[in-house]
Amino acid sequence: MDDAVRLHQLMTGYLASKALFSAVELHVFDAIDKGPCTAEELGEQIGLSGRSARTLLLALLGERLVRKDGGRYHLDPVASTFLVSTSPQYMGALAAHQDAHFAKLARLTESLRDGKPVRAGENYSGAFGDDQAWARRWAEITRASSLLMADNLADQARLEGHRHLVDLGCASCAYSIAFARVNPALRITAVDQPAVAQVAEEFVEAEGLAGQVTVRPGNIFVDTFGDCDVALLSHVVQGFERDRARELIEHIHGWLPDGAELLLHTHLPERAETPFPYLFGLILQINNTQGGEAHDEDLTCGWLREIGFRDLKVTTASPISALIRATK
């Protein structure tokens with residue numbers, strides 16, 4: 001019976017995700033944050049019938065995102081912290097991004113058979129060009145997802161004695177910001193495509209760290225940063241097919257000074273504390289146009305050693321990510 005229950009949970013897990021996504025889209029958590037309310041009162045606020053409001057709230061109650069007391073619904077602390085749009089830790093952008101995968105996942109079998117992403121709506125190619133709106137949304141998505149990882153990584157990867165970190169493919173600059181807070185004497189250069197870098201610079205300025213973190217546009221497959229003594233690749237190599245990912249690591253090894261370190265932060269299923277790193281490749285399968293996948297630990301460490309990195313150390317960086325630390 002236990003096995004049947006586990007399989008039932010797997011088969012119905014999509015219901016919880018979609019309930020959360022719809023609740024974010026309908027501003028359910030913002031509405032309840034204004035004050036406890038009945039299902040009918042919530043429905044009036046956000047334009048749902050009583051039945052629809054009761055159905056959705058029951059689903060959220062089952063996932064412990066809300067609680068019910070005396071017929072009125074209240075937010076659970078996790079919802080207050082991460083699902084109310086005025087919260088500094090709001091994860092709504094990530095929820096909307098994951099929701100966008102739903103229609104594509106309905107065609108996962110097709111994608112697995114032909115090896116191509118699902119062409120429906122937008123696809124992440126890693127090439128934003130001048131599309132400022134998409135670049136801003138991507139930066140907001142990565143900033144939300146980094147809430148699970150950035151502070152843990154910066155606390156674990158102590159950089160005492162290092163003077164200059166270059167964050168390659170910085171996206172929202174969440175990792176640069178986290179490292180700057182933990183290492184106030186560390187100079188940081190954050191690099192990404194021009195449209196993304198422009199948004200990242202706004203986030204750095206909002207944190208009051210513009211004097212420590214310099215954001216610059218660039219091409220991490222071409223540019224060199226020979227004056228740094230530590231390079232960070234956080235959730236970058238997984239966005240590319242195997243040969244291209246190895247090419248990037250080899251390019252970095254070429255310009256990294258002797259004795260400098262590479263911090264490669266990524267999803268490694270072998271180090272996972274949750275199922276997500278095992279499942280992450282499915283998102284890349286349907287959505288990534290550059291052959292990205294969740295490269296495993298043996299393959300990634302093999303690349304590093306073949307290219308010439310030494311003293312590899314692999315540790316769990318967060319419940320969903322791992323850090324490979326290597327020296328040139």
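**View 1. The β8–β9 pair.** Strands β8 and β9 run antiparallel and are joined by six bridges; two strands count as paired if DSSP finds at least two bridges between them. The model is predicted: local features need pLDDT of at least 70, side-chain atom pairs count only at pLDDT 80 or more, and totals for chains, interfaces and linings use all residues. Residues are numbered from 1 along each chain as its sequence is written, and side-chain values use heavy atoms, with hydrogens and water left out. Strands (E, at least two residues) and helices (H or I, at least four) are DSSP runs numbered from the N terminus. A hairpin of two residues connects β8 to β9. T315 has L323 in β9 as its bridge partner.

**View 2. The seven-stranded sheet.** The strands of this open sheet follow the order β5-β4-β3-β6-β7-β9-β8, and their pairing is mixed. β5 (213–217) and β8 (310–318) are the edge strands; each has a single partner strand, so one side of each lacks a neighbour in the sheet. On average, neighbouring strands are turned by 20° against each other, direction ignored. Axes are lines fitted to C-alpha atoms, for helices over the stretch in contact, and angles run from 0 to 180 degrees between N-to-C directions.

View 3. Five of the five residues of β3 are buried, so the strand is largely enclosed by the rest of the structure. Buried means under 20% relative accessible area, exposed means over 50%, and partly exposed lies in between (1.4 Å probe, protein chains only). H164, V166 and L168 cover one side of β3 as buried residues, and L165 and D167 are buried on the other. β3 pairs with β4 in the parallel sense over five bridges, and V166 has T189 in β4 as its bridge partner. From β3 the chain passes through α11 to β4 in a right-handed β-α-β crossover. Right-handed here means that, with the strands pointing away from the viewer, the path from the first strand over the helix to the second runs clockwise. β3 also runs parallel to β6, with four bridges between them, and L168 faces L233 in β6.

**View 4. β6, β7 and two helices on the sheet.** β6 (residues 230–234) and β7 (residues 261–266) are parallel and share five bridges; L233 is opposite L264 in β7. Helix α11 (residues 174–182) packs on the sheet, where β3 (164–168), β4 (187–192), β5, β6 and β7 are touched, and its direction makes about 175° with that of β4. Contact is counted for heavy atoms within 4.5 Å. Helix α13 (residues 242–255) lies across β3, β6 and β7 and runs at about 170° to β6.

**View 5. The nonpolar cores.** A nonpolar core is a set of buried Ala, Val, Leu, Ile, Met, Phe, Trp, Tyr and Cys residues joined through side-chain atoms within 4.5 Å. The largest has 32 residues, and L168, I249, W255 and F309 have the most contacts inside it. Two or more residues each come from β3, β6, α13, β7, α15 (297–307), β8 and β9 (321–327). Helix α13 gives the most, with five residues. Leaving aside neighbours within four places in sequence, F309 is in contact with I249, H253, L256, L262, L304, A326, T327 and K328. A second, separate core of 29 residues includes L153, C170, A180 and L323.

**View 6. Two loop residues with positive phi.** Most residues other than glycine have a negative phi. A171, in the loop between β3 and α11, has a phi near 55°. With a relative accessibility of 10%, A171 counts as buried. H235, in the loop between β6 and α13, also has a positive phi, of about 55°.

**View 7. Aromatic pairs.** Four aromatic pairs are found in a search of the whole structure. Rings of Phe, Tyr and Trp (its six-membered ring) pair if their centres lie within 6.5 Å; planes under 30 degrees apart count as stacked, over 60 as edge-to-face and the rest as tilted. The ring centres of F225 and W255 are 5.5 Å apart and the planes meet at 70°, so this pair is edge-to-face. F225 lies in the loop between β5 and β6 and W255 in helix α13, 30 residues apart. F225 is buried at 6% relative accessibility, and W255 is buried at 10%. The rings of F276 and F280 have centres 5.6 Å apart and planes at 55°, so that pair is tilted. Both residues, F276 and F280, belong to helix α14 (residues 276–287) and sit four residues apart, about one turn of the helix. F276 is partly exposed at 28% relative accessibility, whereas F280 is buried at 10%.
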